[in-house]
Amino acid sequence: MAEHHNIIIIGAGLSGLYTAWQLQQKQQDVIVLETRDRTGGRILSAEYGSSSQFDMGPAWLWPDFQPRLQQLLTQLDLDIFKQFTSGDMLYEKSPSAIERHSGQSSHGQSYRIAGGGQHLIETLQSQLPQSCIHLNTAVKSIHEADMSIHTVRDGEACQYTANKIILALPPRLTQQNISFDPPFSKDITAAFGDIPTWMSGHCKIVFIYEKPFWREQNLSGEVFSQYGPLSEIYDATPVNEEYYALTSFVGLNAQQRKQMDNEQLIEACMLQLQRLFGEDSKNTLDIKIKDWSDDTNTSTELDLSTPMVHPQYPDTLPRSFWNGKLMLAGTEVARQHGGYLEGALESADEAVALCGLQVTR
Ligand SMILES: Cc1cc2nc3c(=O)[nH]c(=O)nc-3n(C[C@H](O)[C@H](O)[C@H](O)COP(=O)(O)OP(=O)(O)OC[C@H]3O[C@@H](n4cnc5c(N)ncnc54)[C@H](O)[C@@H]3O)c2cc1C
């Protein structure tokens, strides 16, 4: 017998969890199916020491432009703090041409979530019944006739049915991994494949230290490098300052990274840090690395050549199919803030409204 629920959400990233949270508040019978063994999707914090979290996915928010996220953080009683930007920034044109600039960060005034992005996910999850989230459950196909969802759960075939289904995952993953009966038109299928999954081809590294040696040199930690391998570096010290950290995106694209192993990559990064910040940079306590292009629950082959600038997300794609029984959420289908955390919430709000329910503010 298939397990039946009024609304089933696919994907327990920020968008799926927030949709579930909204629907729960409206006493809806809702569950979330998630292929990974954890919630959060692209939100992932790595721990070091007893209580320090380092963001391997999203780190920054801009409350002035992201009202939903700001409001959700307030509702959940979560604190934010300013990204550290005091001091000079460096601009590396080449290993022998490193310029030092004083003044404002080029990053705008961004903020971070105290306790890391995962703290947001854990808090949202803690407000949902435990039975609402089914981990290790990969959705394989969805059938309109009986609104059935066919999954592989803990290695076994498992079936659900629902009155309404919300897809809260990147459209490229939907197109690649889930089959639909009846199938979407060629145009819709192509449109799904054309939407890049934001940041999915990137690799993020965090270097953890006992002391903030860059701050001691009146450097903010912010670097832009044309030479690499680290392209953009920022201070990633957690709010508790138990440890200090620098974080960076790797400037090499996913295909280039696949030509080298992590040891070679880290060696090249360490040489760059020494050029920029001196010998103290060698004293890492730990180095965390997350290559999202290797993660098949985020990235597809198409994302190996992910855009380096923010894409224009399409406004014309329908957000509802099968006479309103199947809906889209997920940051890539947000109309205004596509790609960002704010977009994950924006798209969820639209899905809740499409379910005929009012979004809670
Ligand atoms: C390195 C990096 C840095 C970033 N930096 C920022 C930042 O600073 N600020 C910002 O605003 N945004 C940033 N982002 C973007 C931000 O992470 C996303 O906007 C947001 O997390 C997307 O949430 P989502 O729920 O829409 O999608 P996802 O987090 O991708 O969630 C989708 C979920 O669906 C699950 N899933 C996939 N396939 C299936 C299936 N077949 N069955 C069941 N479940 C499935 C996945 O496992 C995943 O949990 C960054 C992203 C990355 C990777």
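This is a predicted model: local features need pLDDT of at least 70, side-chain atom pairs count only at pLDDT 80 or more; totals for chains, interfaces and linings use all residues.
Residues are numbered from 1 along each chain as its sequence is written, and side-chain values use heavy atoms, with hydrogens and water left out.

**Exercise 1. Classify the aromatic pair of tyrosine 18 and tryptophan 21.**

Solution. 
1. Start with the rule: rings of Phe, Tyr and Trp (its six-membered ring) pair if their centres lie within 6.5 Å; planes under 30 degrees apart count as stacked, over 60 as edge-to-face and the rest as tilted. This rule gives 15 aromatic pairs.
2. Now apply it: the ring centres of tyrosine 18 and tryptophan 21 are 5.9 Å apart and the planes are at 25 degrees, so the pair is stacked.
3. For contrast, take tyrosine 209 and phenylalanine 213, an edge-to-face pair with 4.7 Å centre to centre and 90 degrees between the planes.
4. Then check burial, where buried means under 20% relative accessible area, exposed over 50% and partly exposed in between (1.4 Å probe, protein chains only). Tyrosine 18 and tryptophan 21 are both buried. Tyrosine 209 counts as buried at 1% relative accessibility, and phenylalanine 213 does at 4%.

**Exercise 2. Find what the charged end of lysine 290 sits over, and name its salt-bridge partner.**

Solution. 
1. A charge sits over a ring if NZ of Lys or CZ of Arg is within 6 Å of the ring centre and within 35 degrees of the ring normal.
2. The charged end of lysine 290 is over the ring of tryptophan 292, 4.6 Å from its centre.
3. A salt bridge is a side-chain nitrogen of Lys or Arg within 4 Å of a carboxyl oxygen of Asp or Glu. Lysine 290 forms one with aspartate 295 (2.8 Å, N to O).

**Exercise 3. Describe the contact between domain 1 and domain 2.**

Solution. 
1. Count residues, with contact meaning heavy atoms within 4.5 Å: domain 1 gives 35 residues and domain 2 gives 29 residues.
2. Take the buried area, the accessible area (1.4 Å probe) that two parts lose on being put together, summed over both. Here that is about 2600 Å², with 63% from carbon and sulfur atoms.
3. Finish with the salt bridges: the count between the two domains is 1.
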